[in-house]
Amino acid sequence: MSRRFNGENLVRPEAVAGMFYPAQPALLREMVSSFVEQARLPELPSPPRALIVPHAGYIYSGPIAGYGYRALRKLPPGSYTVLLLGPAHRAAVFGVAVGAFAAFRTPLGQIPVSQELVERLLQQGRPFVRDLQAHLPEHSLEVQLPFLQLVMGDSVRLVPLLFGEVDPELVAAALLPLIQEDPSLLLVISSDLSHYYPYEVARKMDTELLSAVERGVPEEVARGEACGMLPILALMAIARQMRWKAHILDYRNSGDTAGDRARVVGYGAVAYTA
């Protein structure tokens, strides 16, 4: 597939169904529903405008992601567009790869892509690039989709954005006008935290990073470890301009959810409210 191909009539197929999450629709729906139902949220002052949620296999990070998506139930009824930001793990991306497909498919069906907003970003040029190949094997955005489908149903569209080498402040400046003019735009940031440290070391690193996120101190966040660091920093720059406040909903690591505490991966769920 050519990187210059428009893609407007193509549906991006599942890449990690049966690996990161169940490929059987009934089992997938049951699993995601259980994660969302079991979450017990703190009181939030208003519906969320943005989330940070993890993207590992569901047995590891699904319970933590459930906290973020449970918060979306506070949204008033209506149609929403999700700016879905995550890191590119499997392809070299210079800038932000825009997933200019017609839709993204999961075992639960398809989520349409907002062609209007995709083209609006691509018309700006750098840092946005039309790169379909980067999206095809990538899991960081895909694992969020069944959660969005379960919680938001048919009322959601996507703007899929994969971060490579890019200045997060530049991305934030480009996305900010869209967010300012349309309150139905939501931001979902896909990121795990520290990788492969002993349990207590990881807890210390991750809680320090999440504290800096909650306090809105990007310099401290940047000294931490998260595979979605650049999307997180872009969100923080937007939140600063929009005067959004961060709320930590949950933190655990794979030692809490899957047992082995020798080398763990950290997962946090954060909601931003206006």
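Reader: Is Y196 buried, partly exposed or exposed?

Author: This is a predicted model, and Y196 lies in strand 10, residues 195-197. Buried means under 20% relative accessible area and exposed means over 50%. The relative accessible area of Y196 is 48%, so Y196 is partly exposed.

Reader: What is the phi of Y196?

Author: Most residues other than glycine have a negative phi. Y196 is a residue other than glycine with a positive value. Its phi is near 70°.

Reader: Where is R243, and is R243 buried or exposed?

Author: R243 sits in the loop between helix 8 and strand 11 (245-253). Its phi is near 60°, a positive value in a residue other than glycine. The cut-off for exposed is over 50%. With a relative accessibility of 74%, R243 counts as exposed.

Reader: How many nonpolar, polar and charged residues are in the contact of helix 1 with helix 2?

Author: The crossing of these helices, helix 1 and helix 2, is right-handed. Helix 1 brings L28, M31, V32, F35, V36 and E37, while helix 2 brings Y58, G62, P63, G66, Y69 and R70. By class, the contact has 8 nonpolar, 2 polar and 2 charged residues.

Reader: Is helix 1 parallel, oblique or perpendicular to helix 4?

Author: The axes of helix 1 and helix 4 come within 10 Å. They cross at roughly 75°, and angles from 65 to 115 degrees count as roughly perpendicular. Helix 1 is therefore roughly perpendicular to helix 4.

Reader: Which residues of helix 4 meet helix 1?

Author: The residues of this contact between helix 1 and helix 4 divide into 8 nonpolar, 1 polar and 1 charged. From helix 1 come L28, R29, V32, S33, F35 and V36. Those of helix 4 are P146, F147, L150 and V151.

Reader: How many of the residues of helix 4 are buried?

Author: Helix 4 spans residues 145-152 and is mostly covered. Its buried residues are L145, P146, F147, L148, Q149 and M152. Just after the helix, G153 takes a positive phi of about 60°. The buried count for helix 4 is 6 of its 8 residues.

Reader: Which residues touch the most other members of the largest nonpolar core?

Author: The largest nonpolar core has 95 residues. Its largest share, 9 residues, comes from helix 8 (residues 229-242). The members touching the most others are Y69, L175, V213 and Y272.

Reader: Which residues is A246 in contact with, leaving aside its neighbours within four places in sequence?

Author: A246 is found in strand 11. At 4% relative accessibility, A246 counts as buried. V201, 45 residues apart from A246 in sequence, is 24 Å apart in space, C-alpha to C-alpha. With those neighbours left aside, the contacts of A246 are V213, E214, V270, A271 and Y272.

Notes. Residues are numbered from 1 along each chain as its sequence is written. This is a predicted model: local features need pLDDT of at least 70, side-chain atom pairs count only at pLDDT 80 or more; totals for chains, interfaces and linings use all residues. Side-chain values use heavy atoms; hydrogens and water are left out. A nonpolar core is a set of buried Ala, Val, Leu, Ile, Met, Phe, Trp, Tyr and Cys residues joined through side-chain atoms within 4.5 Å. Buried means under 20% relative accessible area, exposed over 50%, partly exposed in between (1.4 Å probe, protein chains only). Helices (H or I, at least four residues) and strands (E, at least two) are DSSP runs, numbered from the N terminus. A crossing is left-handed if the near helix is turned anticlockwise from the far one by less than a right angle, and right-handed if clockwise. Contact means heavy atoms within 4.5 Å. Ala, Val, Leu, Ile, Met, Phe, Trp, Tyr, Cys and Pro count as nonpolar, Asp, Glu, Lys and Arg as charged, and the others, Gly among them, as polar. Axes are lines fitted to C-alpha atoms, for helices over the stretch in contact, and angles run from 0 to 180 degrees between N-to-C directions. Angles under 35 degrees count as roughly parallel, over 145 as roughly antiparallel, 65 to 115 as roughly perpendicular and the rest as oblique.
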